[in-house]
Amino acid sequence: MTRLYIIEDEPVLRDLFEEYLTASDLEIDIVGRSGNGQEALSDCIELKPDIALVDIRLPEVNGLEILHILKMRVPETKVLIFTGSTNTSAVRIAVEGKADGFIEKAAGLEQLVDAVRALNKGEHYYSPAVYRQILTFKASGV
């Protein structure tokens, strides 16, 4: 059973993500949810979920800061960025920070399930739009 923590500031989206993931064919245990970055970070350090589903724009501590701190404090937790903020700078920071996956919310919930499934197998997962950005900035050497 995969232990997952949802970090999303919109309560309706937190509910939707939890409902969709638990109804999928994945064996998921939602161990926590929070809309506040500081609270979520503390919870994840204590609970050590297998996967943290992280939005970028959060109050208190943003998702990219959460990524960096979790990778230092709880390296076994895989961080999946699921956000509407897919600008090149955010993608670059996430990739350089060793995010295990990055998908934009517009990609949909099916892609979220695919990403969780990939992370469970020890793979990384980037949505096609994010992957294209990664290839572009790696090719430019920036």
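Which residues in α4 meet which residues in α6? Select Thr88, Val91, Arg92 and Val95 in α4, then Val130, Gln133, Ile134 and Phe137 in α6, and you have the two sides of that meeting (contact means heavy atoms within 4.5 Å). These contact residues divide into 5 nonpolar, 2 polar and 1 charged (Ala, Val, Leu, Ile, Met, Phe, Trp, Tyr, Cys and Pro count as nonpolar, Asp, Glu, Lys and Arg as charged, and the others, Gly among them, as polar).

A word before moving on: this is a predicted model, in which local features need pLDDT of at least 70, side-chain atom pairs count only at pLDDT 80 or more, and totals for chains, interfaces and linings use all residues. Residues are numbered from 1 along each chain as its sequence is written, and side-chain values use heavy atoms, with hydrogens and water left out.

Next, show helix α5, residues 109-120. Its 12 residues reach 17 Å from first C-alpha to last, close to the 16 Å expected at 1.5 Å a residue (1.5 Å times one less than the number of residues). Colour Leu109, Gln111, Leu112, Val113, Ala115, Val116, Ala118 and Leu119, which are buried (under 20% relative accessible area, with a 1.4 Å probe and protein chains only). After α5 comes Gly122, with a positive phi near 85°.

Last stop: Thr83, in strand β4 (residues 78-83). Thr83 is buried, at a relative accessible area of 0%. Its side chain makes a polar contact with the side chain of Asp55 at 2.8 Å (a pair of N or O atoms within 3.5 Å; within protein, one must be able to donate a hydrogen and the other to accept it, and residues adjacent in sequence count only if both atoms are side-chain atoms).

Definitions and conventions. Helix = DSSP H or I, 4+ residues; strand = E, 2+ residues; numbered from the N terminus. Buried < 20%, exposed > 50% of the residue type's maximum accessible area, 1.4 Å probe, protein only.
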